[in-house]
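Please load the model in a viewer and keep the selection tool at hand.

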Amino acid sequence: LIQNDAHMGKKNFAGLTPLGEAKMNGNRNIVNLIKDNYTTDDSVSNCDWDEEFKIDGWVEVWNDQRQKLQWERKLPNGQVVTSTTPPAVDYQLVLKARQVKCSQNVVKRICPNASVMMFERQRRTQKKKLELVMKERRQIVLERCVVKLQALFRQRKARNAALHLRAQTIAANRIKRRLINLRKQKRYQACITIQSFFRMYATRAYYKEFLRERLLSYRDSRILASCVQRLWRGFKGRSQFRRQLEITTLPDPATDHDFWVQLQIEAGPPKRELGVFAEYILSGNPKTWEERNLIKRHGKYYRDVSLYMNTITRRVSWTKPAGWVFNNVKEYYALRVQTFWRARVAKRKINVLVKANRLLTNTFDSGRTVSDIVSLCNYTFY
C-alpha cells in the first residue's frame, strides 16, 4: 500500500483505517512503519457545519413570547417569512460534507535518508525509556501516596478510636458518679426516715411521760377560762338587762325628785365617791331570787343596778357623769396603787390575826401548865 501510494485515511466497511486495524491487532512494527511514512495534515481545517449549511438566507431566532426557536428569512421585496420548523437541506450536500468531515487528513511523508531514520528511531527509543522511567516514577509516587493515605487513614482511625474510648470513659465516669449519688441519696433518705421514726417515738414517749398531764392541765385551764368568761359575759349581760329594765320601769329622775331622794336614803351609804359625785346601789343586795320576787311584790326594786347622784344638786342620773372620769392620769394610778397597798396591808393583818388566834389556842392546851416553856413562848408570841 505504501509503495502504491494508497490513501491511508480511507476507512473500510467497519469504519477503521489501516493504522487503526494495526493498533487493534497489536502489530507495533506496522504501526511504526505507517507512522514513519505518513503524518496527519493539520493545515486542512475541518468543515464548519453551521457556516456550511446556511441555506437560502434562513436565520435562527429565539421567540420570547412562545419561548421556543424559530427561523426567519427576508425576501427581496422586504417581506419577512417565519417558520417554526427547520428549513429543508439538500441531501447531496450533507453526504459530501460528511465524507469531508469524517475522513482523516493523512499525508505521506517525504522519504528521509538513513541518518534521519536512525535519529528518529533513537528518539523513539529514548521516548520509550523516558515513558518507562516516568511510569516507574509514577508507580513509586502512587505507592508513596498509597502509603501516605494508609497512614492518614490509620491515624484518623486511631484518633476516632481514641475519641470513642474517651467518650466511653467519660460516660462510664458519669454513670458511676450518678450511681454513687443515687446511693448517697438513698442512704440520706433512709437516715431521714429512721430519724423521723425515732423522733416520733421519742415524742410519744416524752408526751406520755411529761406532756400529757401538762396538756391536760392546759386543756382544763382553757375550759375553766372559757367557763369563767362565759359566766362573766352572762353576768354582764344580765346586769345590763336588769339596768335597762329598771330604767324603763322606774320613774324619770328629772320629773320625780322626791322619789329618788327617798330611794337614795333606802340605798344606804354610797359605794364609791369621786369629787362631787357618788355611786349608789339600787335599794340593797338581795341574795336569792325568792327575796327578789318577794321584794318585787312589795313594790320595791331591789336589783344590783348602780345610779349616780350629784351630792350638791341632788340630781340623779343612770349614766356615769363626765366628771366621774379621772382627768389626771397620775392621780388615777396613785389611787390604784394605794388601793393595792391597802389590800396587801389588810391581808397581812388578817394573816397575823389568824396566827395569833392559833398561838392563843395552843398556849393553854390540855396537859400543859402555865409554867410550861412552850405555853410561855406561845403566849409571848401572841
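The stops below cover a surface patch and then the aromatic pairs of this predicted model.

**First stop: a nonpolar patch**

Select Ile175, Leu179 and Leu182. These residues form a nonpolar patch on the surface, and their accessible area together is about 270 Å². Of these, Leu182 has its place in helix H5, which comprises residues 114–249. Leu182 has a relative accessibility of 40% and therefore counts as partly exposed, since that class lies between under 20% for buried and over 50% for exposed.

**Second stop: an aromatic pair in helix H5**

The structure holds three aromatic pairs. For one of them, select Trp232 and Phe235: the pair is tilted, with 5.7 Å centre to centre and 35° between the planes. About one helical turn separates Trp232 and Phe235, because they are three residues apart in helix H5. Trp232, at 52% relative accessibility, counts as exposed, whereas Phe235, at 38%, counts as partly exposed.

Next, select Phe259 and Trp260. Their rings form an edge-to-face pair, with 5.8 Å centre to centre and 85° between the planes. Is Trp260 buried or exposed? At 2% relative accessibility, Trp260 counts as buried, while Phe259, at 28%, counts as partly exposed.

Ring pairs link Phe259, Trp260 and Trp318 into a cluster.

Notes:
Residues are numbered from 1 along each chain as its sequence is written. This is a predicted model: local features need pLDDT of at least 70, side-chain atom pairs count only at pLDDT 80 or more; totals for chains, interfaces and linings use all residues. Side-chain values use heavy atoms; hydrogens and water are left out. Patches are made of residues with over 30% relative accessible area and no salt bridge: like charges are joined within 9 Å, nonpolar side chains (Val, Leu, Ile, Met, Phe, Trp, Tyr) within 5 Å. Accessible areas come from the Shrake-Rupley method with a 1.4 Å probe; for residues, only the protein chains shown count as cover. A salt bridge is a side-chain nitrogen of Lys or Arg within 4 Å of a carboxyl oxygen of Asp or Glu. Helices (H or I, at least four residues) and strands (E, at least two) are DSSP runs, numbered from the N terminus. Buried means under 20% relative accessible area, exposed over 50%, partly exposed in between (1.4 Å probe, protein chains only). Rings of Phe, Tyr and Trp (its six-membered ring) pair if their centres lie within 6.5 Å; planes under 30 degrees apart count as stacked, over 60 as edge-to-face and the rest as tilted.
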